[in-house]
Amino acid sequence: MTDRAGGPAAASTAGQFLDPGQPAGRRRMVSDAFAARFGTAPEVVGRAPGRINLIGEHTDYNGGRCLPLALPHATYAAVRRRDDDVVTIHSRTVDETWSGSLADLAAAGGWAAYAAGTLWAMEVDHGVDLLIDSSVPVGSGLSSSAALECAVAVATDGLSGRHLDEARRRELATACRRAETEVAGAPTGGMDQLVAMLAPEGDALLIDFHDDSVRAVPVPLAEVGLELLVIDTGVRHALADGAYAARRRECAAAAHLLGVPLLARAAQDSWSRLEDDVLMRRARHVLSEGERVDTADQAIVEGEWAELGAVLDASHASLAHDFEVSCEELDAAVESSRAAGALGARMTGGGFGGSAIALVETDDVGVVAASVLAEYASRGWSAPTFLRVGPSPAADTVP
Ligand code: GLA
């Protein structure tokens, strides 16, 4: 196929691209909705981004490195302080309201656990009215949950007028992670909240979970005519949560056998010492993924984009075969992107559905999207959604 973006292929896929909107417009929308529901304007509106992980998958809880970046797609939270201890949270995404007292926060369930849990972990000592809206697709592997937590956190923190320096951002990221692990009960690793709170605008964020240190990694894709295309498969397999916890347990077991506290601390080739085939492959993924993060980091610095593409491909193969967290919808998205000219592609996030990313020449975006759509149609699957993304700013209040 030779169609370029703007040609016939792009026209046929146009309705499948998810627009993040502009922060100012989104702020107005969420403020108007807040006023309609609660009778006054909000005091603060917070915004927090979704994320993709460029590379370094299932490494955070193993003490390894990862390279995520914040998306232009974000969650917005409008808030007003109350003088009593009542908390009311309305989500426009699901059109539901949760209401309770401060004492009920840690018992919230479903979507509300992420928002109420954040207020609980922040030890908020007064009631609030909150209204949430989002352009991050839910359950898409793009961290809609961290975006919800972090939007609630920066909005509510903004009520105090306190300056959001790096130390405060890290404290809020920790509170958001506690909401997720202790209230929502999802044993995730911390990457999502850290990138949502610390992403440098225009750059990816290298996070080293050995010591939680971070470093900005400029990714000048637009300057060289490249971009990242996100393919949201729209599927989420039921085993996702249980299987994520199982992977964590397997990694912990492998680390124990190798005599290290966290798997990423084991020597590079030590996976070959493991006799159990499953644990051996889990360890091989985690240790080789660490090397791939370094290769990607170097390739980006040197502008070696073909090499970056190759390392994305290798990461997907490792996740599919050794870590076993891909699925046929993700594999199909990755393979048809490559077949249509992507430099490389891989699943991103926890897996078992969710999204893939493809490194694509900007001129080829329409062709690649059309190729994935055609593949999905030929298999009788629902059409995926596409997001055109570049490194975007971290969570903050929206003036
Ligand atoms: C999910 C978790 C993260 C991380 C990724 C896999 O997104 O929330 O903490 O473990 O899976 O890299």
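Visitor: Into which domains is the chain divided?
Guide: This is a predicted model. The chain is divided into domain 1, residues 21-218, and domain 2, residues 222-389. Their C-alpha centres lie 25 Å apart.

Visitor: How do you know that domain 1 and domain 2 are in contact?
Guide: Contact means heavy atoms within 4.5 Å. By that rule, 34 residues of domain 1 are in contact with 40 residues of domain 2.

Visitor: What area is buried between the two domains, and what share comes from carbon and sulfur atoms?
Guide: About 2900 Å² is buried between domain 1 and domain 2. Carbon and sulfur atoms give 64% of that area. On the domain 1 side, Ile55, His58 and Tyr61 supply 23% of the area buried against domain 2, more than any other three residues.

Visitor: Why is the pair of Arg346 and Glu57 called a salt bridge?
Guide: A salt bridge needs a side-chain nitrogen of Lys or Arg within 4 Å of a carboxyl oxygen of Asp or Glu. The closest N and O atoms of Arg346 and Glu57 are 2.7 Å apart. That value is within 4 Å, so the pair is called a salt bridge. Side chains of opposite charge can pair when their charged atoms come close.

Visitor: How many salt bridges are there between domain 1 and domain 2?
Guide: The count is three. The interface also has 18 residue pairs in polar contact.

Visitor: Which elements give two or more residues to the side of domain 1 that touches domain 2?
Guide: They are strands S1 (44-53), S2 (65-66), S3 (68-81) and S8 (213-218). The largest share, four residues, comes from S3. The residues of this side divide into 15 nonpolar, 14 polar and five charged.

Visitor: What makes Asp192 a salt-bridge partner of Arg51?
Guide: The closest N and O atoms of Asp192 and Arg51 are 2.8 Å apart. The cut-off is 4 Å, so the pair qualifies. Asp192 lies in helix H6 and Arg51 in strand S1, so the pair ties together parts that are 141 residues apart in sequence.

Visitor: Which residues are the closest to the ligand?
Guide: The closest are Glu57, His58, Asp60, Asp192 and Tyr244, among 13 residues that surround the ligand.

Notes:
Residues numbered from 1 in each chain as written. Predicted model: local features only at pLDDT ≥ 70, side-chain atom pairs only at ≥ 80, totals over all residues. Heavy atoms only, no water. Domains from an automatic or database assignment. Buried area = accessible area lost by both parts, 1.4 Å probe. Polar contact = N/O pair within 3.5 Å; in protein donor to acceptor, adjacent residues only side chain to side chain. Nonpolar A, V, L, I, M, F, W, Y, C, P; charged D, E, K, R; others polar. Near = heavy atom within 4 Å.
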